Amino acid sequence: MNSGSCLCGSINYQIIGQPGDIVHCHCQTCQKAHGAAFSSVAAVKEQNFKLFGQEALNNHESSPGKFRYFCSHCGTQIYAKREGSEDIILRLGSLDTQPDSKESHHIWVSQKASWYSIQNQLPENQEY
Ligand SMILES: [Zn+2]
Ligand SMILES: [Zn+2]
């Protein structure tokens, strides 16, 4: 079982099964939200995602219908969710375990930080 938590420990979660394929998102919104060059994410069925510490969870609607959930105490990004979707988009940096999921591709390379060079052979999508 994979599990994760925020930096301060107010939020913990467990995942039944493995997350989906790993995508590295280079969009400017992820850069801001994560304070980093890119965000590594994977889809998890919401029914397989058990979160503890719900009262510490806050969210920001970063684009219409898309909410980014984070710890209101320490700021760790936990997951994002689109209205009506059965999946959450897990922020893999919040994991405490090493998932078996494999790297798939890069997205939003058109917005990639100039100070970061992609050094692998994964497919690169300019947008989604
Ligand atoms: Zn926290
Ligand atoms: Zn992004």
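The points below describe the strands, sheets and nonpolar core of a predicted model.

1. Three-stranded sheet. Strands E1, E2 and E5 form an open sheet in that order, and their pairing is antiparallel. The edge positions belong to E1 (2–5) and E5 (49–52); each has a single partner strand, so one side of each lacks a neighbour in the sheet. With direction ignored, neighbouring strands here are turned against each other by 15 degrees on average.

2. Pairing of E2 with E5. Strand E2, residues 12–15, is joined to E5 by four bridges in the antiparallel sense. One residue pair can be named: Ile15 has Phe49 of E5 as its bridge partner.

3. Seven-stranded sheet. A further open sheet has the order E6-E7-E8-E9-E4-E3-E10, with mixed pairing. Its edges are strand E6 (57–63) and strand E10 (103–107); because each has a single partner strand, one side of each is left without a neighbour in the sheet. From one strand to the next, the twist averages 30 degrees.

4. Hairpin of E7 and E8. These two strands run antiparallel and are joined by five bridges. Within this pairing, Tyr69 stands opposite Tyr79 of E8. Five residues lie between the strands of the hairpin, and Gly75 in the turn has a positive phi of about 85 degrees.

5. Strand E8 (residues 77–82) and strand E9 (residues 87–91) are antiparallel and share two bridges. Tyr79 has Leu90 as its bridge partner in E9, while Ala80 stands opposite Ile89 of E9. Four residues separate the strands of this hairpin, where Gly84 adopts a positive phi near 85 degrees.

6. Nonpolar core. Which residues of the largest nonpolar core touch the most other members? They are Cys25, Val41, Ile78, Tyr79, Ile89 and Leu90, out of 23 residues in this core. At least two core residues come from each of E2, strand E3 (22–25), strand E4 (39–45), strand E7 (66–71), E8 and E9.

7. Surroundings of Leu90. Apart from neighbours within four places in sequence, Leu90 is in contact with Pro19, Val41, Ala42, Val44 and Tyr79.

How values were computed:
Residues are numbered from 1 along each chain as its sequence is written. Chains are lettered from A and ligands numbered from 1 in the order in which they are written. This is a predicted model: local features need pLDDT of at least 70, side-chain atom pairs count only at pLDDT 80 or more; totals for chains, interfaces and linings use all residues. Two strands pair if DSSP finds at least two bridges between them. Axes are lines fitted to C-alpha atoms, for helices over the stretch in contact, and angles run from 0 to 180 degrees between N-to-C directions. A nonpolar core is a set of buried Ala, Val, Leu, Ile, Met, Phe, Trp, Tyr and Cys residues joined through C-beta atoms within 7 Å. A residue is buried if 20 or more other C-beta atoms lie within 10 Å of its own, exposed if 12 or fewer, and partly exposed in between; C-beta atoms are placed from the backbone. Two residues are in contact if their C-beta atoms, placed from the backbone, lie within 7 Å.
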